[in-house]
Amino acid sequence: MNRTAAPDAIAADTKPWRDPGAEPFIGIRNITKRFDDFTAVDDVSLDIYRGELFCLLGGSGCGKSTLLRMLAGFETPSAGQILIDGQDMARVPPDRRPTNMMFQSYALFPHMSVEKNVAYGLLREGKSRAEAHARAGEMLKLVKLESLARRKPHQLSGGQRQRVALARALVKQPKLLLLDEPLGALDKKLREETQFELIRIQETLGVTFIVVTHDQDEAMTLATRIGVMNEGAIVQVGEPREIYEEPNSRFVADFIGSVNLFEGRAGMAAPDMMRIDTEVLGPVNARPRPGLTQGQTVWVAIRPERIGLSREKPADAANAVPGVVEEVAYRGHMSSYRVRLAGGQMLRVTQSNLTRDVDPISWDEPVWASFTPAAVRVLTE
Amino acid sequence: MARGWFLPLAVVLGFVFLYAPIVSLVVFSFNESRLVTVWGGFSTRWYVALFNDRQILGAAWISLKIAFAAATIATVIGTLAAFVLTRFGSFRGRLLLTGMATAPLVMPEVITGLSLLLLFVSMELTLGWPAGRGLTTIIIAHTTFCAAFVAVIAQSRLRDMDESLEEAARDLGAGPVRVFFDITLPVIAPALVSGWLLAFTLSLDDLVIASFVSGPGASTLPMVVFSKVRLGVSPDVNALAAIIIAIVTTAVLIAGLLLRRSMRRPQ
Amino acid sequence: MNRLSDNALWRATARGFAAIGITGRTLVIAIPMLWFLVFFLVPFLVLGRISLAEAIIARPPYTPLFERAADGTLSIIASLENYWFLWQDTLYRNAYLSSIRIAAISTICALFIGYPIAYFIARSPEPRRTFLLLMVVLPFWTSFLLRVYAWMGFLRREGVINNMLIWLGVIDQPLVMMQTDLAVYIGIVYTYLPFMILPLYANLTKLDGALLEAANDLGASPVVTFFTVTLPLSLPGIVAGSMLVFIPAIGEYVIPALLGGPDTLMIGRVLWDEFFSSRDWPVASAVAIVMLVLVVAPIMWLQSTQDRRELD
């Protein structure tokens with residue numbers, strides 16, 4: 001799982017989703033779930049491959065947890081099919097599925113010790129007490145909790161509870177581990193440490209993970225691929241870099257990170273450049289995008305960190321617009337600006353504070369905001 | 001309303017109202033005089049009289065047997081009703097069961113008593129069971145309204161319980177029955193204990209329903225006490241009351257201490 | 001937790017039942033359902049049916065529903081005569097009205113006594129709160145009958161109150177308190193007070209203290225805050241507590257029998273006498289059916305407040 005490899009240097013065994021011939025491990029086929037008159041999950045299809053750490057990302061009520069619960073078997077789909085390792089899950093109750101789940105509340109049994117919690121699933125498999133406890137001990141070692149085996153859940157800290165829940169869900173060596181907001185209950189600092197811990201464990205055991213989260217940073221850090229959900233549907237599936245750099249819609253562009261969005265019309269296209277005519281920014285030069293007809297309504301999306309600010313108009317900039325700095329927020333490693341454009345609209349710009357600037361751009365200064373064609377993402381929906 | 005004299009005064013008067021009669025009951029149980037409210041010196045003679053009263057002792061034994069049986073069956077039925085109502089989603093007859101498991105809480109006792117008696121009489125005529133009335137019919141009658149109380153207590157505990165505990169056990173390979181005994185039951189056990197105790201006390205306390213459905217030879221303690229006090233105050237009843245109050249107070253205080261200890265655990 | 005008792009055995013049993021159309025689920029539903037049907041709902045049907053019969057001197061002391069005539073035809077004997085009798089005889093009408101009056105007045109008194117206590121407990125800091133709550137519930141666990149009996153000793157002509165007042169010189173002739181309606185009010189309020197306090201307390205503890213501070217901050221005095229914020233928000237608790245007192249009080253028998261006078265009319269007492277003294281089962285049944293109709297509406301109201309609470 002080499003996340004930093006150049007995107008084009010594919011090895012099909014580490015990125016099987018790029019190989020059209022690869023056999024998916026989990027097949028979600030046209031799954032719909034309705035509660036009375038509310039459709040929680042709407043015709044979702046998704047393939048997930050062995051060894052992936054797949055994140056379902058979305059706001060609250062987008063259906064991501066319902067989808068996860070259907071995989072675990074706690075909810076029955078209203079329509080569609082779920083295949084795990086080629087086996088149809090329709091009539092398989094949760095206790096017979098090859099999946100285990102880590103619950104958002106951790107759901108540690110309050111009347112059992114840490115060790116008993118972890119051994120519970122093994123005992124249900126018919127393992128002997130001795131074997132179950134031995135395996136539970138090994139698992140606790142993996143999550144570095146072997147010294148707390150005899151404690152009760154209420155005697156543990158939040159982070160310790162989280163690791164017990166993880167150990168309990170992993171001890172049966174499930175083919176698939178489902179994690180519902182696994183880090184949601186931890187504070188920020190602990191969460192960051194635990195993210196890498198989670199990746200380490202996943203890589204050690206080679207289990208396929210599906211993680212539900214509402215936190216985009218978490219999804220970006222953890223995932224091999226992300227599925228962005230909105231109103232019960234999957235709106236985009238892709239690697240973290242794709243989702244951020246090449247969002248397929250205004251929703252995804254806006255949901256992941258922060259973005260400037262302006263409406264426009266597709267204009268002249270040349271082989272290496274195309275023009276989008278916007279009301280706010282004027283003509284914008286972008287990389288050509290196939291499949292656009294001239295005059296079609298499109299949106300340009302520009303990330304704030306891809307925009308440069310200068311007092312003078314840069315001579316060689318492909319795109320430059322004048323404006324006045326309305327607000328500056330100093331945030332340590334970077335500063336955020338709100339620049340008022342001629343038409344009154346705001347442009348968000350962030351600049352990294354790489355050096356200690358003696359004379360930083362400040363309030364009420366007239367500035368030029370410039371960006372390259374590559375910084376512009378043209379969206380059709 | 002938070003400051004000032006009104007609230008504390010009202011609360012103090014309220015507690016005086018609640019406790020003055022009980023205190024005087026206990027004080028006069030140690031009275032030498034037969035006149036219950038005129039102090040004639042300290043004496044335990046009414047306690048001696050009470051322990052020589054075969055009728056009262058017999059009735060107390062009957063009442064304890066009934067209360068034990070009724071509370072136990074009621075805990076089983078009430079727990080099942082609560083479990084079904086909180087965990088089974090929608091099913092046919094759900095509304096009916098909700099109503100039937102709640103209405104006995106407030107149903108006037110005379111109605112419950114009379115209707116159950118008429119049921120038992122009709123059943124005896126058509127089915128031949130129950131033959132006559134006595135312990136069995138009282139136990140059934142008490143079980144019914146006690147089960148409603150247990151169901152209320154168990155339902156509120158089941159609602160508070162994190163349902164993902166049960167799902168986690170399912171997820172780890174336990175079947176539904178297994179989950180109930182491994183997870184649900186241990187988690188709600190404290191609520192069931194208090195439900196059982198409440199049912200036990202309610203059964204021990206009931207006069208009206210028992211009077212309707214009881215038969216010859218099955219007089220419960222409240223029935224005997226009622227026939228005594230109907231004729232006026234009687235000092236051995238004071239002694240009985242003092243004993244009951246002592247037992248209940250001890251039990252409640254112990255329960256309270258246990259509860260406090262369990263609450264002190266960080267959640 | 002041995003292996004034998006685990007899944008395989010349960011599954012085999014479950015399969016066996018499922019084969020004849022019974023799943024574990026229906027079985028679990030069936031147990032409480034059947035119990036309450038047979039011992040709670042069916043009795044009311046029997047009650048209704050016997051209220052349509054006529055009293056006779058026999059075992060059982062009422063006429064059968066079906067009668068086979070000499071020619072073999074089956075006829076149903078049912079009449080509304082008992083209800084007509086209840087309607088005509090002012091005793092019953094007055095008893096119903098007076099029961100409602102007594103129950104209503106007692107409920108209001110219990111509310112006025114119970115509300116400050118519930119409020120005080122709900123606003124108390126933790127160790128004291130548990131203690132006070134325990135103090136409220138404690139009398140409830142002791143015998144109901146004996147608590148009513150305690151008031152007999154209190155209210156009698158030579159009772160504690162009269163002795164005290166005479167000793168203090170407030171009065172020189174003992175007051176007549178026993179065997180009056182006043183004694184019945186006291187008895188009902190006393191025995192049902194915990195039923196009023198507990199739902200009120202449950203409601204008031206959920207009241208967010210910040211709401212009171214907000215009202216205060218916006219310029220409301222404590223008294224105004226109480227009437228504009230606390231009281232409206234505690235309405236569900238008031239309804240629940242009031243119904244828990246009102247409904248059983250309507251059918252109360254023991255309290256009027258022990259504390260009330262011969263002219264204290266309450267329908268529970270009338271029913272009791274009709275059944276145990278007159279041994280007229282059909283009339284007693286009709287009395288019960290009418291009483292049932294009276295309490296159904298408040299029971300539904302209580303149920304609806306409970307449902308709404310569950311939705312929160």
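Modeller: In chain C, nine residues of domain 1 are in contact with ten residues of domain 2; two residues are in contact if their C-beta atoms, placed from the backbone, lie within 7 Å. By class, the domain 1 side of this contact holds six nonpolar, two polar and one charged residues. Here Ala, Val, Leu, Ile, Met, Phe, Trp, Tyr, Cys and Pro count as nonpolar, Asp, Glu, Lys and Arg as charged, and the others, Gly among them, as polar. Domain 1 of chain C covers 7–76 and domain 2 covers 81–311, with bounds that come from an automatic or database domain assignment. Their C-alpha centres lie 35 Å apart.

This is a predicted model: local features need pLDDT of at least 70, side-chain atom pairs count only at pLDDT 80 or more, and totals for chains, interfaces and linings use all residues. Residues are numbered from 1 along each chain as its sequence is written, while chains are lettered from A and ligands numbered from 1 in the order in which they are written.

The largest nonpolar core has 168 residues, and B:Leu114, B:Ala199 and C:Val287 touch the most other members. This core draws at least three residues from each of domain 1 and domain 2 of chain C. A nonpolar core is a set of buried Ala, Val, Leu, Ile, Met, Phe, Trp, Tyr and Cys residues joined through C-beta atoms within 7 Å; buried means that 20 or more other C-beta atoms lie within 10 Å of the residue's own, again placed from the backbone. B:Ala199 touches, among others, B:Ala70, B:Cys146 and B:Phe149, not counting residues up to four places away in sequence. Another core, of 99 residues, lies apart from the largest one and includes A:Ala169, A:Met229, A:Val298 and A:Val376.

Chain A has its own division, into domain 1 (16–254) and domain 2 (258–379). Their centres, taken over C-alpha atoms, are separated by 39 Å. Six residues of domain 1 of chain A are in contact with six of domain 2, and the domain 1 side has two nonpolar, one polar and three charged residues.

Between chains, 17 residues of chain B are in contact with 18 residues of chain A. On the chain B side, α7 (163–171) and α8 (176–205) each supply at least two residues; helices are DSSP runs (H or I, at least four residues), numbered from the N terminus. The largest share of that side, six residues, comes from α7(B). Its residues divide into eight nonpolar, four polar and five charged.

Conventions: Buried ≥ 20, exposed ≤ 12 C-beta atoms within 10 Å, placed from the backbone.
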